[in-house]
Amino acid sequence: MKVTDHLAKANGKTLFSFEVLPPKKGENIHNLFSNIEPLMEFKPPFIDVTYHREEYVYRHHPNGLLEKKTVRRRPGTVGICAAIKNRFDVDTVPHLICGGFTKEETENALIDLHFLGIDSILALRGDPIKSEGVFKPEPDGHAYACDLIGQVANLNKGEYLDQEQDDVWATNFCIGTAGYPEKHFEAPNYNADIRYLKHKVDRGADYIVTQMFFDNEEFFRFEKLCRAAGIDVPIIPGLKPLTTKSQLTMLPRSFYLNLPEPLVEAVSQCRDNDAARAIGIEWCLNQSRELMAHGVPCLHYYSMGKSESIRRVAAELF
């Protein structure tokens with residue numbers, strides 16, 4: 001079932017969903033399953049599976065030369081989605097990114113997902129390669145998420161890259177896209193970011209999932225501006241329970257977000273990570289309750305590979 005179908009079927013009830021990371025190359029998939037298992041009692045209608053693009057590593061050779069090698073540290077998103085769907089009988093939402101893929105490779109991935117019965121995807125530009133700093137599309141790949149969304153929407157109409165094909169089947173993907181309550185860090189200003197988001201919806205995005213945020217006022221402002229701009233698709237807020245003191249600096253650096261002063265002050269005074277985790281869970285609980293009272297269609301939690309704090313939040317709400 002599509003994400004939008006799940007939202008419609010809920011009849012105004014706030015749903016629970018979360019995002020997982022594929023295991024690193026060489027890891028046992030049962031480690032992933034053990035993190036998902038405790039959350040299944042809260043009946044998530046869908047689980048997101050992220051995709052991490054390739055990285056470059058440089059290897060020294062005895063002759064003094066450097067070899068530039070491309071590696072994928074977390075391969076297999078399509079396979080992971082199929083494994084989760086098979087193991088837990090739950091819909092999965094793979095992340096599809098621009099970086100590292102040509103248009104033809106994107107089409108082939110979409111065909112594989114269609115054959116597996118996966119009905120929803122989250123279309124993203126993706127991050128730049130860490131060693132490059134600036135996003136660079138593949139030759140004959142997409143530079144922007146709106147163009148990736150356009151390709152999926154075209155495939156939903158039976159329009160393949162090879163226009164000479166006969167008797168083609170149209171796919172029927174539900175397309176998600178990302179929104180940024182505190183503005184995407186590359187957008188020149190907040191209004192421009194909303195215009196870019198509107199363009200993605202106009203190209204075919206069916207729903208929006210936001211970047212994590214810790215101040216609900218940021219989400220309420222974002223939602224209001226989206227509606228004023230004519231964006232009428234469902235908007236799902238993304239949340240994360242803060243779990244360590246180091247995340248006070250790591251999260252703003254990695255995700256370009258602000259942490260509210262009361263949260264920063266409380267966590268800064270913690271003697272250890274156990275105390276910080278307790279505060280992070282309580283903060284996330286208060287956020288979640290307020291958002292549920294506001295009537296959001298779903299609360300989407302970023303696990304970052306760990307599920308215990310999310311389980312403690314979900315146990316109070318769902």
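Hi everyone, let's start with helix α10, residues 273-294: it has 22 residues and spans 31 Å from its first C-alpha to its last, close to the 32 Å expected at 1.5 Å a residue. That expected span is 1.5 Å times one less than the number of residues. Helices here are DSSP runs of H or I with at least four residues, strands are runs of E with at least two, and both are numbered from the N terminus.

Quick housekeeping: this is a predicted model, where local features need pLDDT of at least 70, side-chain atom pairs count only at pLDDT 80 or more, and totals for chains, interfaces and linings use all residues. Residues are numbered from 1 along each chain as its sequence is written, and side-chain values use heavy atoms, with hydrogens and water left out.

Back to α10. Its buried residues are A276, G280, I281, C284, L285, Q287, S288 and L291; buried means under 20% relative accessible area with a 1.4 Å probe, protein chains only. Among the elements covering them are α7 (216-228), β9 (235-239) and β10 (298-302).

Now, in what order do the strands close into a barrel? Eight of them go β1-β2-β5-β6-β7-β8-β9-β10, with parallel pairing; two strands pair if DSSP finds at least two bridges between them. From one strand to the next, the twist averages 30°. Angles run from 0 to 180 degrees between N-to-C directions, using axes fitted to C-alpha atoms, for helices over the stretch in contact.

Let's zoom in on β2, residues 46-49. F46 and D48 point one way, I47 and V49 the other, and all are buried. In a regular strand, side chains alternate between the two faces of the sheet. On one side, three bridges join β2 to β1 (residues 15-20), with F18 partnered by I47.

Finally, the inside. Which residues touch the most other members of the largest nonpolar core? They are I36, I84 and Y301, out of 60 residues. Such a core is a set of buried Ala, Val, Leu, Ile, Met, Phe, Trp, Tyr and Cys residues joined through side-chain atoms within 4.5 Å. Its largest share, five residues, comes from α5. A second, separate core has 29 residues, including L122 and A178.

Note on methods
Buried < 20%, exposed > 50% of the residue type's maximum accessible area, 1.4 Å probe, protein only. Contact = heavy atoms within 4.5 Å.
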